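Student: I would like to learn how to read a structure like this one. Where do we start?

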Amino acid sequence: MTITMMTSRELNQDLNTAKRASLSGPVFIKDERQVTHVFLSIDSYRTLTNSQCNIADLLAITDSTDPEYSS
């Protein structure tokens, strides 16, 4: 795994480089000497969260307070 550091300015100017780098590992984004964000590939995110959900799946999750919710 390769860790890449970029400033937020570099990210804004060259998103494609960040996308390519994220295939090898996380891309840490810095604002004024402090890491504020992490850019990951979707595969890395799914591995990290142990989830195969997509946004549509997450939005469809039923609220546990709903009377029709069954566990």
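Tutor: Start with a cut-off. Buried means under 20% relative accessible area, exposed means over 50%, and partly exposed lies in between. Keep in mind that this is a predicted model.

Student: Then is Thr 17 buried, exposed or partly exposed?

Tutor: Its relative accessible area is 29%, so Thr 17 is partly exposed. Thr 17 is found in helix H2. From Thr 17 to Val 27 is 10 residues in sequence and 10.0 Å in space, C-alpha to C-alpha.

Student: How do I read the pairing of strands?

Tutor: Two strands pair if there are at least two bridges between them. Take S1 and S2 here. They run parallel, and four bridges join them. Met 6 has Ile 29 in S2 as its bridge partner.

Student: How many bridges join S2 to S3?

Tutor: Five, and these two strands run antiparallel. S2 covers residues 27-31, and S3 covers residues 34-39. One partner to find is Val 38 in S3, which is bridged to Phe 28.

Student: What lies between S2 and S3?

Tutor: Two residues, and the strands form a hairpin. Look at Glu 32 in the turn: its phi is positive, about 50 degrees.

Student: Back to H2. Which of its residues are buried?

Tutor: Apply the cut-off again: under 20% is buried. In H2, residues 15-22, that picks out Ala 18, Ala 21 and Ser 22. Seen down the helix axis, these buried residues fall within an arc of 100 degrees, so they line one face of H2.

Student: What covers the buried residues of H2?

Tutor: The cover includes strands S1 (4-7), S2 and S3. It also includes helices H1 (8-13) and H3 (42-49).

Student: How much of the whole chain is buried?

Tutor: Of the 71 residues, 15% are buried. The accessible surface comes to about 6,000 Å², and 50% of that belongs to carbon and sulfur atoms.

Student: And contacts across the sequence?

Tutor: Count contacts between residues at least 6 apart in sequence. Of these, 16% join residues at least 24 apart.

Student: Which residues make the nonpolar surface patch?

Tutor: A residue needs over 30% relative accessible area to be in a patch. Here the patch is about 920 Å². Its members are Met 1, Ile 3, Met 5, Val 35, Val 38, Leu 40, Ile 42, Tyr 45 and Leu 48. S3 and H3 are the elements that give two or more residues to it. H3 has the largest share, three residues.

Student: Is Val 38 buried, exposed or partly exposed?

Tutor: Val 38 counts as partly exposed, because its relative accessibility is 45%. This residue sits in strand S3.

Conventions. Residues are numbered from 1 along each chain as its sequence is written. This is a predicted model: local features need pLDDT of at least 70, side-chain atom pairs count only at pLDDT 80 or more; totals for chains, interfaces and linings use all residues. Side-chain values use heavy atoms; hydrogens and water are left out. Buried means under 20% relative accessible area, exposed over 50%, partly exposed in between (1.4 Å probe, protein chains only). The arc is that of the directions from the helix axis to the C-beta atoms. Contact means heavy atoms within 4.5 Å. Patches are made of residues with over 30% relative accessible area and no salt bridge: like charges are joined within 9 Å, nonpolar side chains (Val, Leu, Ile, Met, Phe, Trp, Tyr) within 5 Å. Accessible areas come from the Shrake-Rupley method with a 1.4 Å probe; for residues, only the protein chains shown count as cover. A salt bridge is a side-chain nitrogen of Lys or Arg within 4 Å of a carboxyl oxygen of Asp or Glu.
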